[in-house]
Amino acid sequence: MKQNLVAVIAGLLFGLGLSLSQMVDRSCVLGFLDVTGNWDATLLFVLGGAVGVTVIAFRFVLRLPKPVYEEKFYLPKQQNIDVPLVLGAAIFGIGWGLSGYCPGPAITGLILGSWNPVLFVLATIFGSLSYGYLSKRST
Amino acid sequence: MLIGGLLVGFGTRMGNGCTSGHGVCGLGRLSWRSLVAVITFLGTAMITVFVTRHLLK
């Protein structure tokens, strides 16, 4: 129960942060990506601020023997830089640059009254499923 | 919008993370994989915006 409460609070904070920082506004994101045009550096501080918090907080959190409301930490184990990582990130970037949305802000923007986030999130789910399907078939 | 979403969904699954996963959590853990991913997707996103905003107009 407490675990769910913490999840709700974390989700609320994440959505609030994305809204306050204007990450939910795709024109703001595209303005940040438009380095050769009228570049809007605002989001650099958003990303920088968020990373600053995690760099400091994770130092303390990961020193605990286990999380407060969970049996153990679930951390990514892969260390090597492989083709799927780079190719996946490259494809992600093209989609991000085309739409101005990445998953978090798009989900946050679902209730803002525009169809764009709704279409985007549906397409994201389909894209993720199709990769799952393709990778399962190739192994 | 639909094509963008498709590519983001596909790329997130393939590269094991998005802006929050690699950008915020991964960099916070000082992961090399995440640093490579962040530089890659920032690069391709900026190139995409350059092409769509400046080359195609």
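Start by selecting helix α4 of chain A, residues 83–99, together with helix α3 of chain B, residues 32–55. In this predicted model, the two helices pack at an angle of about 35 degrees, and their axes lie 7 Å apart. Turn the view to look through the pair, and you will find that α4(A) passes α3(B) in a right-handed crossing. Now colour that contact by residue class: 15 residues are nonpolar, seven are polar and one is charged.

Chain A puts 49 residues into the contact, and chain B puts in 42. Stay on the chain B side for a moment. Which elements give two or more residues to the side of chain B that touches chain A? Pick α1 (2–14), α2 (19–28) and α3 of chain B, and you have them. Of these, α3(B), the helix you began with, gives the most, with 17 residues. Coloured by class, this side of chain B shows 21 nonpolar, 17 polar and four charged residues.

For the last stop, move to chain A and select helix α6, residues 115–138. Its 24 residues reach 35 Å from the first C-alpha to the last, close to the 34 Å expected at 1.5 Å a residue. Show side chains for the buried residues of α6(A): A:P117, A:F120, A:A123, A:T124, A:G127, A:S128 and A:Y131. What covers these buried residues? Bring up α4 and α5 (103–108) of chain A, then α1 of chain B, as the cover includes elements from both chains.

Conventions
Residues numbered from 1 in each chain as written. Chains lettered and ligands numbered in written order. Predicted model: local features only at pLDDT ≥ 70, side-chain atom pairs only at ≥ 80, totals over all residues. Axes fitted to C-alpha atoms, helices over the stretch in contact; angles between N-to-C directions. Helix = DSSP H or I, 4+ residues; strand = E, 2+ residues; numbered from the N terminus. Left-handed = near helix turned anticlockwise from the far one by under 90°. Nonpolar A, V, L, I, M, F, W, Y, C, P; charged D, E, K, R; others polar. Contact = placed C-beta atoms within 7 Å. Expected span 1.5 Å × (residues − 1). Buried ≥ 20, exposed ≤ 12 C-beta atoms within 10 Å, placed from the backbone.
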